[in-house]
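Dear colleague,

Please find below the structure that I am handing over to you. My notes on what was found follow it.

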Amino acid sequence: MQRSFTILYTSLLGMCLGSSSSFPSNINIGGLFPTESHEYEVFRFALSHHQDIPKLVPQVDMVKMGNSFSMTYAFCSQFSKGVYAIIGLYDRKTVNMLMSFCGALHVCFVTPSFPIETANQFVIQLRPELQDALVGVIEHYGWTKFVYMYSSDSGLSVLQKVLDTAAERNWLVTSVNVETMTEASFLKVFQDLDKRKEGQIIIDCETERLTGILKKIVEQGKNAKSYHYILANLGFLDIDLTDLRKGGANITGFQLVNNSEPSVRIDGLTGHIQFNEKGRRTNYTVSVMELAPSGPKKVGYWNEDEKYVTTASFMKGSNETYGLQNRTYIVTTILESPYVMLKKNHEMLVGNDKYEGYIVELAAEIAKHVGYQYKLKIVSDGKYGARDPETKMWNGMVGELVYGKADVAVAPLTITLVREEVIDFSKPFMSLGISIMIKKPTKSKPGVFSFLDPLAYEIWMCIVFAYIGVSVVLFLVSRFSPYEWHAEDYEEGAEPQSPTQASASNGVQQGQAATQQNTNQQSLDQTNEFGIFNSLWFSLGAFMQQGCDISPRSLSGRIVGGVWWFFTLIIISSYTANLAAFLTVERMVSPIESAEDLAKQTEIAYGTLDAGSTKEFFRRSKIAVFEKMWSYMKAADPSVFVKTTDEGVMRVRKSKGKYAYLLESTMNEYIEQRKPCDTMKVGGNLDSKGYGIATPKGSLLRNPVNLAVLKLNEQGLLDKLKNKWWYDKGECGSGGGDSKDKTSALSLSNVAGVFYILIGGLGLAMLVALVEFCYKSRTESRRMKVSTARAAAASAAQAFHCSALDSGASAPYTELQSYGLYANNTQSINDAMRCSTLTRMSGNGSGGENGRILTHDFPKTVQTLPCMSHTASMGLGASGM
């Protein structure tokens with residue numbers, strides 16, 4: 001900028017001197033320049049091109065601009081040499097001194113330095129005033145809140161004009177002096193802007209200082225599209241904006257020198273050159289420039305008559321005046337399965353071809369619908385995006401959007417309030433919620449009595465009580481109902497005797513004559529089959545679906561039987577329907593079923609991803625359960641937060657069930673479908689939210705991307721992509737885990753209890769039979785007046801010998817002798833057994849269980865056993881048996 005002005009004023013002075021013939025052939029021209037300045041070299045270059053008469057003789061002094069003594073000595077030295085004019089620079093420390101000397105000595109001072117308010121007619125200020133042009137641009141963009149960064153050397157006069165206008169139009173202006181600004185204060189300015197969601201900044205300082213400020217802006221990542229800078233400098237094309245342009249920041253500036261027409265010299269490089277009576281430029285035009293993707297572009301101009309005039313159509317607050325297809329956009333994302341994954345042969349691939357996954361295909365579909373080229377870039381810090389509570393800086397993908405390092409974020413990025421304040425989101429492309437991941441508990445082996453599991457313990461108890469109650473009711477109604485009592489002939493079941501039996505029992509029949517006569521008189525008697533034991537037997541047979549040899553005869557008894565049969569039908573059907581599932585599936589008992597279970601205990605630790613939306617959800621939640629969980633998580637030692645999702649999953653798998661990880665349900669479902677299939681999702685979602693595609697504030701991509709997402713959703717492509725990457729590529733079956741367990745055949749452990757009951761029942765039957773045998777032997781020994789051992793031996797011999805006779809063997813005589821019974825006590829045993837039998841057959845004898853008069857102690861089938869045909873050889877009569 002200084003070099004352009006140096007050419008300007010030397011050319012102007014040369015033309016003025018050359019047009020007058022009254023000047024001498026040599027004219028002394030003074031020069032005051034800073035030490036080692038570029039302005040001096042340019043000054044000499046301009047003089048070397050002026051060869052006309054009069055000849056310009058330079059009288060130059062190199063001085064320190066801020067040293068008043070040095071400037072005074074140089075000015076006086078040049079005045080003593082008879083200079084006609086002095087060309088040079090000044091700063092705020094020496095400007096007043098120079099103005100005073102020029103007015104007192106009538107020496108013209110031509111300067112390109114910043115304009116000042118002065119009435120000295122000997123000072124010619126080549127630089128136009130920028131105040132009015134700057135106010136016009138501010139009004140054009142509609143700014144009402146902005147930061148004004150200025151240098152006290154040059155920006156005070158412009159700042160005063162801006163502040164006066166702000167007071168009139170209620171603008172909120174924050175002024176910052178860049179000379180006193182430290183690194184911390186510089187950072188704080190932008191933190192306040194982020195907090196207030198503002199990004200309008202005006203920078204008014206010289207080119208050298210401006211370059212340093214722009215470098216700091218790039219280093220802090222403040223060159224994002226969310227920021228708009230106005231450079232209050234007349235040399236926009238002289239500023240290096242390469243690094244600032246990479247972030248996509250909106251940059252506006254002013255250009256005075258017209259480099260497009262360097263041959264025009266009538267009006268000058270800066271247009272029409274005219275000064276007023278105070279030595280200031282007037283009737284000039286300033287071009288308004290903006291930084292487009294292809295470089296600086298003129299978008300308007302300002303002059304005193306027309307004010308600000310727009311010459312290009314552009315969006316307010318944005319420099320994107322070109323189509324979306326004219327550049328390659330940076331799409332930031334994150335390595336997260338199944339969203340973005342590296343291919344197995346990614347070392348051999350380049351660009352977007354290295355990646356695969358749900359987000360990779362989604363980004364390609366969106367780019368195809370919107371019509372732009374893109375490049376996938378993995379976020380450098382591996383985070384989604386959160387604001388640091390101390391520095392207030394954003395990290396992760398959100399930070400890359402805020403600070404202009406990326407144009408779009410296509411990733412599993414949750415739409416939240418705090419993120420929406422600094423970036424824009426599209427419509428959700430996937431709905432989800434926070435869920436709980438735990439290690440899959442060890443499958444419980446079926447118990448010995450697992451066949452009882454289909455029905456609850458309470459149901460089994462009710463069935464037992466119902467069984468007893470039905471049996472008792474059946475017993476009572478059978479007793480009270482007259483139709484359950486009936487007459488029975490004791491001889492109707494007797495079978496005719498064979499001739500052998502008749503000849504063998506001739507002696508016995510004579511002794512039974514009297515008794516038989518008494519029996520015939522009472523052959524018909526009232527009997528009831530449903531005693532208490534038979535009622536229990538009937539109810540048990542009906543419940544086991546086996547039936548019974550007796551049935552109710554009365555209406556009341558049949559009603560009891562009918563409702564009991566209906567009851568058992570429903571119970572057995574329900575039991576059978578559930579039995580297969582309980583025997584073939586090994587169930588898992590989960591220690592945690594919901595967030596409430598986690599909050600109530602401290603044995604199982606739980607945490608979230610650090611710097612993510614899940615952590616932010618718990619931090620901001622006002623629900624009591626979630627507040628309690630957040631208090632635990634932030635106070636836990638060691639920390640329960642993890643840096644990546646993979647770290648959280650590995651912690652769940654290695655914790656042996658002592659750590660639960662809180663994450664999005666979509667990721668939870670995906671991991672559950674991947675080997676080693678040892679994690680599971682428990683409970684429902686804790687909230688409801690969605691993933692969206694993010695763009696910087698004010699980005700031109702927002703609306704096209706939003707429409708593309710809606711179109712893909714309506715076409716069903718989003719659901720198709722999810723099924724492809726979640727379930728079609730699953731490794732654990734459709735339901736997660738090892739699906740073979742669900743269809744495995746029954747093992748012995750499943751039905752072991754049934755065998756135990758069978759063995760126990762058989763053993764109990766043998767035990768009861770032994771008790772009955774001992775009891776009967778003791779009873780018979782008392783009746784026969786023999787020892788219990790002899791009676792038991794005789795009964796055992798009789799039982800096993802009958803079995804042998806049934807198989808065709810003969811009963812040797814010596815076998816009974818071995819027991820000492822036949823030789824010594826045969827007659828006494830026969831008499832005792834005959835007496836006992838006749839006594840039981842008499843009408844005065846005791847009846848059976850149900851009031852029936854029993855004829856003998858053995859069932860009817862036993863009476864016809866083949867062993868009974870050999871009683872003659874044993875000395876025992878049939879009646880004795």
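Which residues does N668 touch, not counting residues up to four places away in sequence? Its contacts (heavy atoms within 4.5 Å) are S435, I436, M437, L663, M680 and K681.

This is a predicted model, in which local features need pLDDT of at least 70, side-chain atom pairs count only at pLDDT 80 or more, and totals for chains, interfaces and linings use all residues. Residues are numbered from 1 along each chain as its sequence is written, and side-chain values use heavy atoms, with hydrogens and water left out.

With a relative accessible area of 0%, N668 is buried (buried means under 20%, exposed over 50%, and partly exposed in between, with a 1.4 Å probe and protein chains only). C205 also counts as buried, at 3% relative accessibility.

The structure holds 1 disulfide (a pair of cysteine sulfur atoms within 2.5 Å). It joins C677 to C732, with an S to S distance of 1.7 Å. The torsion about this S-S bond is about -85°, so the disulfide is left-handed. Because C677 lies in the loop between α22 and β26 (679-682) and C732 in the loop between α24 (717-728) and α25, the pair ties together parts that are 55 residues apart in sequence. Both cysteines, C677 and C732, are buried.

Finally, V754 is located in helix α25, residues 748-784. V754 is partly exposed, at a relative accessible area of 45%.

With kind regards

Key:
Helix = DSSP H or I, 4+ residues; strand = E, 2+ residues; numbered from the N terminus.
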